[in-house]
Every structure is written in structure tokens, then in C-alpha cells.
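Here are my notes for you, written as numbered points. Please keep the sequence and the model open while you read them.

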Amino acid sequence: MRMNNGICPKCGSKLATAIESESSSDGVKTVRYVSRCRGCNEVNIIEEVIIRRQGNHLEILLKK
Ligand SMILES: [Zn+2]
């Protein structure tokens with residue numbers, strides 16, 4: 001996934017960046033850094049981090 005200088009590749013509108021996070025019941029937390037188009041609602045995931053609890057410590061996985 002590539003940044004497009006803050007401009008949507010589909011419609012040319014400005015992109016807004018946002019951080020979304022969600023937790024599932026099995027203790028996995030996903031944090032996403034995304035850019036979202038104000039015009040067509042296209043969402044690009046810039047970076048995704050998955051945080052998993054493993055016993056007493058946390059495992060952090062970086063996805064791109
Ligand atoms: Zn767009």
C-alpha cells in the first residue's frame with residue numbers, strides 16, 4: 001500500500017488519516033493506521049499492528 005500524497009487515487013479528493021483499533025473476545029487487539037477518502041470512502045491501510053496476549057507478556061506483530 002502506497003501513500004498518494006494525501007490524494008485519493010480514485011477520485012482525487014483529500015484523504016484523512018485515522019487510527020482504528022478493535023479488540024476481539026480472544027484477547028487479540030488490532031490497531032490500524034489508515035487513510036480514508038472524504039469523497040468516495042476508499043480506505044487504504046497504511047500499517048496494521050496486531051497485539052496478542054501470550055500468558056504474561058504481549059506479542060506484537062507488525063503487518064504491512
Ligand atoms: Zn476517493
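The points below go from the whole chain to single residues.

1. First, a word on what you are looking at. This is a predicted model, in which local features need pLDDT of at least 70 and side-chain atom pairs count only at pLDDT 80 or more, while totals for chains, interfaces and linings use all residues. Residues are numbered from 1 along each chain as its sequence is written.

2. Let us start with the overall pattern. The chain has zero helices and four strands, and along the sequence they read β-β-β-β. Both kinds of element are DSSP runs numbered from the N terminus: helices are H or I with at least four residues, and strands are E with at least two.

3. Why is the chain described as more spread out than a compact globule? Its radius of gyration is 14 Å, well over the 11 Å that the globule rule gives for 64 residues, so the chain is more spread out than such a globule. (The radius is taken over C-alpha atoms, and the rule is 2.2 Å times the number of residues to the power 0.38.) Along its principal axes, the C-alpha trace spans about 45 × 20 × 10 Å.

4. The four strands form an open sheet in the order 1-2-3-4, with antiparallel pairing; two strands pair if DSSP finds at least two bridges between them. Strand 1 (15-23) and strand 4 (57-63) are the edges, each pairing on one side only. On average, neighbouring strands are turned by 15 degrees against each other, direction ignored. The axes behind such angles are lines fitted to C-alpha atoms, for helices over the stretch in contact, and angles run from 0 to 180 degrees between N-to-C directions.

5. Strand 2 (residues 28-37) and strand 3 (residues 43-54) run antiparallel and are joined by nine bridges.

6. In the loop between strand 2 and strand 3 you will find N41. Its phi is near 65 degrees, a positive value in a residue other than glycine. As background, most residues other than glycine have a negative phi. N41 is exposed, with 11 other C-beta atoms within 10 Å. (Buried means 20 or more other C-beta atoms within 10 Å of a residue's own, exposed means 12 or fewer, and partly exposed lies in between; C-beta atoms are placed from the backbone.)

7. Strand 3 also pairs with strand 4, in the antiparallel sense, over seven bridges. R53 has L58 in strand 4 as its bridge partner. The two strands form a hairpin with two residues between them, and G55 in the turn has a positive phi of about 65 degrees.

8. How many of the seven residues of strand 4 are buried? The number is zero, so strand 4 lies largely in the open. Across the chain, buried residues make up 5% of the 64 residues.

9. I19 sits in strand 1 and is exposed, with 10 other C-beta atoms within 10 Å. I46 belongs to strand 3 and is partly exposed, with 15 such atoms within 10 Å. Their C-alpha atoms are separated by 9.9 Å, although I19 and I46 are 27 residues apart along the chain. Leaving aside neighbours within four places in sequence, I19 is in contact with V31 and Y33; contact means that the C-beta atoms, placed from the backbone, lie within 7 Å.

Note on methods
Two residues are in contact if their C-beta atoms, placed from the backbone, lie within 7 Å.
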